Amino acid sequence: MAYRKLGRETRQRRSILAGLTKTVIMEGSVVTTEARAKEVRKFVDKMITYGKRGTLVSRRKALAFLHNDNEVVSKVFNELAKKYETRNGGYTRIIKLKERVGDDALEVKLELV
């Protein structure tokens, strides 16, 4: 599977992706660059899929990725899993906003559907 390196080392990249995933789950949306949003989308969808499965193994995988943040994992398993139980994937949308002033990177809003 191909993925974007986002100009970071592995540990930094995983930490950024986990942090953005937590933000999307807890707040419902996040404004970031297009490349980051496209990568984070995969992980948000995966976390919601884990929540829909509802097994102990799924909960542990979600906890491992989200740095043992029980609040976020409980929201995924208790609220978001019920909200999206009839939906088969595609839990997020990307809305293009504007170019950032400093470096002209395209900013987008990643939000839950």
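# Group meeting talk: a walk through the model

Ile-48 touches Val-76, Leu-80, Tyr-84, Tyr-91 and Leu-112, leaving out residues up to four places away in sequence. Before that, one caution. This is a predicted model. Please keep that in mind throughout.

So, the core. The largest nonpolar core has 27 residues. Ile-48 is among those with the most contacts inside it. Leu-80 and Leu-112 are on that list too, along with Val-24, Val-40, Met-47 and Phe-65. Which elements each supply at least two residues of this core? They are α1, α2, α3, α4 and β3. For orientation, α2 covers 34–53, α3 covers 56–65 and α4 covers 70–83. The largest share comes from α2, with 7 residues.

Now step back to the whole chain. The protein has 4 helices and 3 strands. From the N terminus on, the order is α-β-α-α-α-β-β. What about overall size? The C-alpha atoms fill a box of roughly 45 × 30 × 25 Å along the principal axes. The radius of gyration is 14 Å. A compact globule with 113 residues would have one near 13 Å, so the protein agrees with that.

Next, the surface and the interior. Buried residues make up 36% of the 113 residues. The protein exposes about 7000 Å². Carbon and sulfur atoms supply 47% of that area. And the contacts? Take those between residues at least 6 apart in sequence. Of these, 56% join residues at least 24 apart.

On to the sheet. It is an open sheet of 3 strands, in the order β1-β3-β2, with antiparallel pairing. Which strands sit at the edges? They are β1, residues 29–33, and β2, residues 92–99; each pairs on one side only. The twist averages 25 degrees from one strand to the next. Helix α1, residues 10–27, packs on this sheet. There α1 touches β1 and β3. The direction of α1 makes about 145 degrees with that of β1.

Let me zoom in on β2 and β3. They run antiparallel, and 7 bridges join them. In another place, Lys-98 stands opposite Glu-107 in β3. The two strands form a hairpin, with 6 residues between them. Look at Asp-104 in the turn. Asp-104 has a positive phi of about 65 degrees.

Let's take that opposing pair one residue at a time. Glu-107 first. Glu-107 is found in strand β3, residues 106–112. Is Glu-107 buried or exposed? Glu-107 is buried, because its relative accessible area is 14% and the cut-off for buried is under 20%. What does Glu-107 touch, apart from residues up to four places away in sequence? The contacts are Val-31, Thr-32, Thr-33, Lys-96, Leu-97, Lys-98 and Arg-100.

Now Lys-98. Lys-98 lies in strand β2. At 47% relative accessibility, Lys-98 counts as partly exposed. With residues up to four places away set aside, Lys-98 touches Ala-105, Leu-106 and Glu-107. Lys-98 and Lys-46 are 52 residues apart along the chain, and their C-alpha atoms are separated by 28 Å.

Next along is Glu-99. Glu-99 has its place in strand β2. Glu-99 counts as partly exposed, at 47% relative accessibility. Leaving aside neighbours within four places, Glu-99 is in contact with Asp-104, Ala-105 and Leu-106. Asp-104 is the turn residue with the positive phi. One more distance here. Glu-99 and Thr-33 are 66 residues apart along the chain, yet 9.1 Å separates their C-alpha atoms.

Where is Glu-9 found? Glu-9 is found in the segment before α1. Glu-9 is exposed, because its relative accessible area is 58% and exposed means over 50%. Glu-9 and Glu-79 are 70 residues apart in sequence. In space they are 33 Å apart, C-alpha to C-alpha.

To recap. The largest nonpolar core has 27 residues, and α2 supplies its largest share. The sheet runs β1-β3-β2, and helix α1 packs on it. Glu-107 is buried, Lys-98 is partly exposed, Glu-99 is partly exposed, and Glu-9 is exposed. Again, the model is predicted. Over to you for discussion.

Conventions. Residues are numbered from 1 along each chain as its sequence is written. This is a predicted model: local features need pLDDT of at least 70, side-chain atom pairs count only at pLDDT 80 or more; totals for chains, interfaces and linings use all residues. Side-chain values use heavy atoms; hydrogens and water are left out. Buried means under 20% relative accessible area, exposed over 50%, partly exposed in between (1.4 Å probe, protein chains only). Contact means heavy atoms within 4.5 Å. Two strands pair if DSSP finds at least two bridges between them. Axes are lines fitted to C-alpha atoms, for helices over the stretch in contact, and angles run from 0 to 180 degrees between N-to-C directions. A nonpolar core is a set of buried Ala, Val, Leu, Ile, Met, Phe, Trp, Tyr and Cys residues joined through side-chain atoms within 4.5 Å. The radius of gyration is taken over C-alpha atoms; the globule rule is 2.2 Å times the number of residues to the power 0.38. Accessible areas come from the Shrake-Rupley method with a 1.4 Å probe; for residues, only the protein chains shown count as cover.
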